[in-house]
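Here is a short report on one protein model. Look at the structure first, then read on.

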Amino acid sequence: MEPIIKIEHLDKWFKVKDMDVHALDDISLDIYKGEIYGIIGMSGAGKSTLVRCLNFLERPTSGDVIVDGKNLAKLSNKELRATRKDIGMIFQHFNLLMQRNVLDNVCFPMELAGVKKKDAREKALEYLKIVGLEEKAKAYPAQLSGGQKQRVAIARVLASDPKILLCDEATSALDPQTTKSILQLLKEINQKYGITIVIITHEMAVVQEICSHVAIIDHGKLAEHGLVSDIFTAPKSKEAKKLIYQGYEHVKEMKGKRCVRIVFSENSSFEPVIGNMVLTCKAPVNILYAHTTDLDGVAKGEMILQLPEDRIIGDQMIEYLKKAKLAVEVLEDYVG
Ligand SMILES: Nc1ncnc2c1ncn2[C@@H]1O[C@H](COP(=O)(O)OP(=O)(O)OP(=O)(O)O)[C@@H](O)[C@H]1O
């Protein structure tokens, strides 16, 4: 199967006064139909530039973007416009037309495409129903909450029947509860219509909530990519580790101490493992953090243990946990 988005050796340079900024540095990535692909990185990493290169809002300096078999660099302007119709986009600040009501906002792209007014309204109401906002059809954007505005933007993008939906920090202006409901809606859309979704975010929680795959971008380079559950269980790059650990509330407690992070499938019997480890090594451990996360339908448990000060006993414990086939990561290098 061919990927629906193929990014090959993508490079983007910006010239700012007499300085050259290397915003994207040799990025190659395959995204397949039906995936929810997260692109995550710190501020300035190059995420927005990358997503804007996917529909040629930004032209890459070199490299190729192939969407549904079409190399965007080789298309005429007309062909590019036609291909862009397959790629919808939603934004952090929703980009609604403030002087139009909700229904007219959703109708707008259909009007531009020449759909008859009556048909457009019917379709728009259908999409408003899907996003749960039928009763707000006559309201104006100023009368809506942030979450409702993003729902309108989602209904509007669905009205163009996209194959791909790009979400640029689409939940960054929303509170955690509203974020969850918008992510749930995106997941439903992905499952119901088979739309491939690319999500740009700086929050690992967003990736963990709905993405099947993730690419970690750091200083314009691809640091690591793959299945979210694999990277969560055993992050390899320093950037992936940083992103996964940045959410821990107990980071302060871990500072200066020797801690390990273990990850296990929820149904595996980890409790006897910890208990037996303590009995075998004859030293107690401190549980600093324990949490279960649902990653794309796979329940994963994670725990952060503070090891005894005695290094030899600590080493024995690490060995014990590894022998028990748990994913074990020593945290001392990355905390703080
Ligand atoms: N139009 C532009 N002109 C000049 N430099 C730019 C332009 N757009 C982006 N850059 C630079 O490219 C780099 C990557 O920026 P980009 O906006 O893609 O990062 P980001 O990961 O999306 O960051 P954020 O999360 O803060 O939006 C930054 O150094 C930025 O200053």
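## Terms and model

Two strands pair if DSSP finds at least two bridges between them. Helices (H or I, at least four residues) and strands (E, at least two) are DSSP runs, numbered from the N terminus.

This is a predicted model, in which local features need pLDDT of at least 70, side-chain atom pairs count only at pLDDT 80 or more, and totals for chains, interfaces and linings use all residues. Residues are numbered from 1 along each chain as its sequence is written.

## Strand β3 and its partners

Strand β3 covers residues 36-40. Within β8, I199 is the bridge partner of G38. Strand β9 (residues 213-218) also pairs with β3 in the parallel sense, over four bridges. Here H213 in β9 is the bridge partner of Y37.

## Burial of β3

A residue is buried if 20 or more other C-beta atoms lie within 10 Å of its own, exposed if 12 or fewer, and partly exposed in between; C-beta atoms are placed from the backbone. Five of the five residues of β3 are buried, so the strand is largely enclosed by the rest of the structure. Both faces are covered. I36, G38 and I40 lie on one side, Y37 and I39 on the other.

A residue is near a molecule if its C-beta atom, placed from the backbone, lies within 6 Å of it. The ligand has 13 residues around it, and F14, A23, S43, S48 and T49 come nearest. Elements giving two or more residues to this shell are β1 (5-16), β2 (19-31) and α1 (47-54). Helix α1 gives the most, with three residues.

The shell holds five nonpolar, seven polar and one charged residue. Ala, Val, Leu, Ile, Met, Phe, Trp, Tyr, Cys and Pro count as nonpolar, Asp, Glu, Lys and Arg as charged, and the others, Gly among them, as polar.
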